[in-house]
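Visitor: I would like to learn how to read a model like this one, feature by feature. Could you take me through it with the cut-offs stated as we go?

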Amino acid sequence: MAKKIPPEMAELSVYVDKRLKLRFKLACTAQEKPMSEVIGLLMKQWLETAETPPEPKTQPGQNVQD
């Protein structure tokens, strides 16, 4: 029987080291958090920095104006 995925959700498959996955699963279980919830939070946190435009680079002696 196929999993019922809520309409606003999407399935994501990734490959990670077996030991890393086991450690992650154990840590999530210890905190009683679903792995998908923690992964979603980590993805959001990473995107906050990844989608931020980089700071403009200046040459020595050049002033940056607002």
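Visitor: Does Lys33 count as buried, partly exposed or exposed, and why?

Guide: Relative accessible area sorts residues into buried (under 20%), exposed (over 50%) and partly exposed in between, using a 1.4 Å probe and protein chains only. Lys33 counts as partly exposed because its relative accessibility is 38%. Lys33 belongs to the loop between α1 and α2, where helices (H or I, at least four residues) and strands (E, at least two) are DSSP runs numbered from the N terminus. From Lys33 to Arg23, 10 residues away in sequence, the C-alpha to C-alpha separation is 14 Å.

Visitor: What should I keep in mind about the origin of these values?

Guide: This is a predicted model, in which local features need pLDDT of at least 70 and side-chain atom pairs count only at pLDDT 80 or more, while totals for chains, interfaces and linings use all residues. Residues are numbered from 1 along each chain as its sequence is written, and side-chain values use heavy atoms, with hydrogens and water left out.

Visitor: How many helices and strands does the chain have, and how does its radius of gyration stand against that of a compact globule?

Guide: The chain has two helices and zero strands. The radius of gyration is taken over C-alpha atoms, and the globule rule is 2.2 Å times the number of residues to the power 0.38. For 66 residues a compact globule would come near 11 Å, whereas the chain has 20 Å. Along the principal axes, the C-alpha trace spans about 65 × 30 × 20 Å, and 3% of the 66 residues count as buried.

Visitor: Where do Pro56 and Gln62 lie, and how exposed are they?

Guide: Pro56 is in the segment after α2, and Gln62 is placed in the segment after α2 as well. Pro56 counts as exposed because its relative accessibility is 58%, while Gln62, at 45%, counts as partly exposed. For distances, Pro56 and Pro34 are 22 residues apart in sequence and 39 Å apart in space, C-alpha to C-alpha, and the C-alpha atoms of Gln62 and Lys3, 59 residues apart along the chain, are separated by 58 Å.

Visitor: Which residues lie nearest the centre of the largest pocket, and which helix gives the most to its lining?

Guide: On a 1 Å grid over the protein atoms alone, a pocket is an open set of points where a 1.4 Å probe fits, with protein on both sides within 12 Å along at least five of seven lines, and lining residues have an atom within 4 Å of a point. Of the 19 residues that line the largest pocket, Leu12, Ser13, Met35, Ser36 and Ile39 lie nearest its centre. α1 (18-30) and α2 (35-50) each supply at least two residues of that lining, and α2 gives the most, with six residues.
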